[in-house]
Protein chains: 6
Amino acid sequence: MFVIKIGGSILFDKENQIKQQLVSNYAKTIRNIFSVSKKKCAIVVGGGKIARKYITATRALGASEAYNDIMGIEAAKLNARLLIAALGDIAYPDPPRNFQEFQALFNKTYKIIVCGGFQPGQSTNAVAACIAEVTKAEKMLNLTDVDGVYTKDPDKDPNAKLLKELHINDLVELIAKQTTKAGQYPLFDYTAVQFIRRSKIALQFINGTNPDNLSKAISGKQIGTLITH
Amino acid sequence: MFVIKIGGSILFDKENQIKQQLVSNYAKTIRNIFSVSKKKCAIVVGGGKIARKYITATRALGASEAYNDIMGIEAAKLNARLLIAALGDIAYPDPPRNFQEFQALFNKTYKIIVCGGFQPGQSTNAVAACIAEVTKAEKMLNLTDVDGVYTKDPDKDPNAKLLKELHINDLVELIAKQTTKAGQYPLFDYTAVQFIRRSKIALQFINGTNPDNLSKAISGKQIGTLITH
Amino acid sequence: MFVIKIGGSILFDKENQIKQQLVSNYAKTIRNIFSVSKKKCAIVVGGGKIARKYITATRALGASEAYNDIMGIEAAKLNARLLIAALGDIAYPDPPRNFQEFQALFNKTYKIIVCGGFQPGQSTNAVAACIAEVTKAEKMLNLTDVDGVYTKDPDKDPNAKLLKELHINDLVELIAKQTTKAGQYPLFDYTAVQFIRRSKIALQFINGTNPDNLSKAISGKQIGTLITH
Amino acid sequence: MFVIKIGGSILFDKENQIKQQLVSNYAKTIRNIFSVSKKKCAIVVGGGKIARKYITATRALGASEAYNDIMGIEAAKLNARLLIAALGDIAYPDPPRNFQEFQALFNKTYKIIVCGGFQPGQSTNAVAACIAEVTKAEKMLNLTDVDGVYTKDPDKDPNAKLLKELHINDLVELIAKQTTKAGQYPLFDYTAVQFIRRSKIALQFINGTNPDNLSKAISGKQIGTLITH
Amino acid sequence: MFVIKIGGSILFDKENQIKQQLVSNYAKTIRNIFSVSKKKCAIVVGGGKIARKYITATRALGASEAYNDIMGIEAAKLNARLLIAALGDIAYPDPPRNFQEFQALFNKTYKIIVCGGFQPGQSTNAVAACIAEVTKAEKMLNLTDVDGVYTKDPDKDPNAKLLKELHINDLVELIAKQTTKAGQYPLFDYTAVQFIRRSKIALQFINGTNPDNLSKAISGKQIGTLITH
Amino acid sequence: MFVIKIGGSILFDKENQIKQQLVSNYAKTIRNIFSVSKKKCAIVVGGGKIARKYITATRALGASEAYNDIMGIEAAKLNARLLIAALGDIAYPDPPRNFQEFQALFNKTYKIIVCGGFQPGQSTNAVAACIAEVTKAEKMLNLTDVDGVYTKDPDKDPNAKLLKELHINDLVELIAKQTTKAGQYPLFDYTAVQFIRRSKIALQFINGTNPDNLSKAISGKQIGTLITH
């Protein structure tokens, strides 16, 4: 069992268009890995730009932050449906609406369940980490548009180096410095990290702009940043 | 009881941005009308450009037309949530997922229920017409970005004239000439018109780019095109 | 994957009694076909006389046409349960209540799902066609008490001839001449035909008073009327 | 709060036709009583002849007794919908599917909830008694086609006398002599009587072929047989 | 298919602590029996002391007996979750909330479903008997802390003898002498026995303080008391 | 609108018995406050000792931490039902199962909704804070068995002083030093505090062993520790 978190940022190009070909490639990669093996996976897709567009609107319209979170959740589910469309009948046709629905679906019936968000105050990273815990997953893979965790911000400092490994306590420290608003959950959030830490989940950050990285990570190759306990 | 269908096309500008101010104005107009009176309303919001963007992607990814319809339904529900955010607690906080949920919600509890689509093969117009029938609505108002039904296509023919009234049989004839694909339901579709015809529902097409037109239509003013029986 | 629509008219005799033996024979035929093969099927059962009896009552009691449709849907589900009883544990024990429930059930778990109607304004034919589309069914079989589509009404004109094939456009034209009331959906309705046409579904009309015709149609024999695209 | 159990036998005439006028009269009587007062009611409708017809068929088709019970439950819900149609929007539009649904509906929202059965092994009398207990109803009224409980079987013995009152212990003794099959729950059953006894519910048996008897019983007049504790 | 009723009394020791080791042993025994065979089972767990503790409180707080029953149902479900935790992924992760949910889960998907109670007025014995009927179970095993049914109360009379067999009619007579309150359902109750009698279910009472007795009873050994028809 | 979090620790005495009288007093206090005013409240009850007892067992039986959380959630819901029993029909009769259910219930229908937990990884404090955010509550009151937040641990240091006010940033710092296991959520947790901080919710910690403190806090008196922004 693997949990794959696909950042919403990967799914859209600079003109805000859906990267259809990438979605298609991901579906092929995932089918290749899981249709032959006995393993299963849960995929959690983020909200990306479309989430932020709707959240900007509802925040301006006076909604509560919890409601704004729901906009992000629903946008993430719309993105999840893109992947479901590409995966075909190996995947359950709907993203589950909450943890209870996920748990009812998971278990022998479907090889793959694709999720968006579940409830306010919980990022899609937290959804993925919670699923990793309850399914006792081998590994949770976090796919974004960067190569992993750096010593410094690579956009600002040319001396920033990619960390091959990072201890969970150091990840917690990094996170502690962040602040949160609906739809703006950073690299990883505190609620998500709680699951990782308390159940010693193997978490790996990899660059998701190329689906091959996913194959590599699942077959156990060193790539990106691995969180150690 | 009124049923208001708001075309998704009204909600986005040419740069594909959400017309936040218009949504806000609609919320004010609707609150003005319904918070004082004993009347209730159901609002059905269409999928618009966002629906078409996602449908284009899933169709290319090989999904069935029914699945593409679902993309349109979910996009319409995301749009519906924009209006819910602006309406505040006068409206039920979630768009119902199917007819049964709508019916359970409707009846004394909430003044306003905002819906997107319900199920494949059924346009948001059909959802609105079905609701108008089951609630025995006084009137169903169809808001698009044109002024009503014309004798000819006004974009192509400068002599096209707006019809103040149109008999249901003539509307059916107009519709019979159209073809359908998921997310491309034209002005009005056959499934929707069946409800209108069999229950003699008062249907009015008006220009929705200005919320004042909604106030006029609800207060009984002649505007747009009225379907007669 | 096959979709089988069984007209409610087949299930009752002239004295309004349930044709128990026919239901039993259908169950045997269907088990024979599907228990050995890897194929699955969805069966949609119509409301028949019992539906019309209840609809007549609720219409007289002042219910909306949408409500009358619900009476037809519930009666169809009662009929569906007859077939479920006869099929035993090869079939899911309840008719799904709406499209979402069907979709959650369909996929690997059960070989056979038996449905009645889903929602107002949608005939059991439309339910069957929608299922055929979303499951990408090989064929949709429509079983009634006539042999197929005729050139003219065979009850009125002895020269009427059974059509072996009929183009979808010609079927649409036939349908365009009909009118609709709750519980009185004719041979085939416009909403249903939209699915058939837009997804080029192989639709075949056969005489369902003899279950052997079902076996023949599924094994690919020419029988009844086939709709071509 | 009152609970009214309407025996299915009242709703059909000897030719198995729906007694539409009686349903309409009941709706008028019930609206008269409850629309003016602050009181609420729950109505439980039995399955009657239609239930027995379907149960006979499923039993012959080899279904379990629990499944046969479900046929009775669904038929009872179809009958419940007749009364809902006649009551209009004073009643919740669907019969609840189980106890949890009933409880969610009951409480301030609707004046009247009309139920059929809930689950196998539980007669509609037991449903009514359970509702009477949980809602702490003033009275539970049991409407059948006889005048109440007699000293002997009035069809067989001309000396049989109607009992104005009957102690709960004597009712239990009467019931102990009966046997049960799905759809053949007699006058009152043991599961139902348990609720009545343990919570000392005021239960009254009255003749339901005339809706006026219902008005009389609710206004406290002596009529039929009252169970004492 | 087997139905196993585990009395809540078995799960707690005299100091009201959970008998964790016994739960673990039961899980091992049940996995041993069912993971190799093609057979399935449903397990119904009672409420035990924890149920009585909460019911005592809610009764004192003025709740209806139906509400008190719900406390017992929820406590039984909490106990059911203990067994689910120990069984791991061979069992469905949640106790079903009502009969409909059980039926939707049962059928091919899971080997084992663990239940608590379903609804007021229905003991966990009745839940087990209803499941035994609808699934046409080979046998229903009733596990309590006594060895079976005795000629007299063994706590009071040293001459009391364990009955190897007991006819259903004699069981009914025994039960007729009992009275009921929420959470105090005795050895077996009338509602439960109705299922047993009408469907001639093979019911066996055994001592559940030792999980080996379960293995013996399932492999067909004479143990405890068998109910005959 | 107020959100009241009642710590599970308040509900049980040292012998692990339910403090029935305290529950009754709380119900009276809450009815006094809310039955007269137009205000509503949501109450979230913690799991307390009963939660820890079951979690200890399931952890030993090998369940995941997420599953252990579910034990805590269900125990909290059992405790919530105690309060519901005492509140009577002013409260919704069931604790909602997740955020979506809460949101559907909240809004005009019920004055009071009593909740336990919602989903793994989320303490009952986080549930309460999320509800406070989405309902734009005036205040969230956190009732435990201590008087508020102290400068030091009052059990260890006699010089510890109760803080009348505490800035949210200081609360966050306090929390950052804690670690988490299922069922052992300390005073307040990081997920909960995120809602408080991002929406500037007025949070007050008070001693809940005396219901009068609740009345005082709601009427605006200075008591316990107030979190400032």
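A:Gly220 sits in a loop of chain A, between helix 8 (212-218) and strand 7 (225-228). Keep in mind as you explore that this model is predicted.

**A closer look at A:Gly220**

- Is A:Gly220 buried or exposed? A residue counts as exposed if 12 or fewer other C-beta atoms lie within 10 Å of its own, and A:Gly220 has 9 such neighbours, so it is exposed.
- A:Gly220 and A:Ala60 are 160 residues apart along the chain, and 45 Å separates their C-alpha atoms.

**Chains D and E**

- Turn chain E by 180°, with a shift of 0.0 Å along the axis, and it can be laid on chain D with an RMSD of 0.0 Å. The two copies are therefore related as by a two-fold rotation axis.
- Both copies use the same surface, as 100% of the contact residues of chain E recur in chain D.
- Which residue of chain E comes closest to the rotation axis? That is E:Thr191, whose C-alpha lies 2.8 Å from the axis.

**Chains B and C**

- Chain C is superposed on chain B by a rotation of 180° and 0.0 Å of shift along the axis, with an RMSD of 0.0 Å.
- Within chain C, the residue that comes closest to this rotation axis is C:Thr191, at 2.8 Å for its C-alpha.
- Through what do these copies meet? Of the interface residues of chain C, 96% are also interface residues in chain B, so the copies meet through the same surface.

Technical notes: Residues numbered from 1 in each chain as written. Chains lettered and ligands numbered in written order. Predicted model: local features only at pLDDT ≥ 70, side-chain atom pairs only at ≥ 80, totals over all residues. Least-squares fit on C-alpha atoms with pLDDT ≥ 70 in both. Contact = placed C-beta atoms within 7 Å. Helix = DSSP H or I, 4+ residues; strand = E, 2+ residues; numbered from the N terminus. Buried ≥ 20, exposed ≤ 12 C-beta atoms within 10 Å, placed from the backbone.
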